Amino acid sequence: PGYAQQIEEPLPKEHELQADVQQILAEIPRLTAIVERIRSFDPEAAACLEPMIGDSIIGSTTTHKPRILLVEDEPAVRDLLRHALERRGYHVDIGATGAEGLALCDELEPPDLLITDLILPGATGPVIVERLRRRAPEVKVLLMSGYAEHPLLDAAHAAGEPCLVKPFEIAAFNETVARLLAA
């Protein structure tokens, strides 16, 4: 989390990397044009680009903004993942406990993807998955665990559910989310 906070802090004008930042920013219009050309040639390629680019940089040609329900009890991890998802243009609803996750499964429109910790106060991740799948049987799921070995993790693997073991790289998380949403 400390590193993630550092990359969000403004770079002082006199910083040695400021010229690199300005050079990158100057390339955004050209990259935008390239992405628009790709979209016009291949709708499937455009769909793959959406999670990486987000609606904030390039106006989306679609109106559907993927919805994700994130249930994570550790505040620093929850905030980091929420921020990573929102930067990619996803709508994110948050639950901080298993009980909140269960309530959100009943209250909210079913999300496109449920991301939940395996072990939570108030309910386990698999219980939350089961509750949501009663309303939305096809919902995609990503489980996370701080335990490399745990009976619940073994059961999730046996059921074919995608799982990430903490700590994981944000790039791997983003890639997994994009792959699940595109499937």
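Strand β3 is joined to strand β4 (residues 140-145) by five bridges, and the two run parallel. Strands and helices here are DSSP runs numbered from the N terminus, a strand being E of at least two residues and a helix H or I of at least four; two strands pair if DSSP finds at least two bridges between them. Within this pairing, V141 of β4 stands opposite L114. The model is predicted, so that local features need pLDDT of at least 70 and side-chain atom pairs count only at pLDDT 80 or more, while totals for chains, interfaces and linings use all residues. Residues are numbered from 1 along each chain as its sequence is written, and side-chain values use heavy atoms, with hydrogens and water left out.

Strand β1 (residues 67-71) also runs parallel to β3, to which four bridges join it. Here L69 is the residue opposite L114 in β3.

How many of the five residues of β3 are buried? In this strand (residues 113-117), five of five are buried, that is, under 20% relative accessible area, where exposed means over 50% and partly exposed in between (1.4 Å probe, protein chains only). In a regular strand the side chains alternate between the two faces of the sheet. In β3 both faces are covered, with L113, I115 and D117 buried on one side and L114 and T116 on the other.
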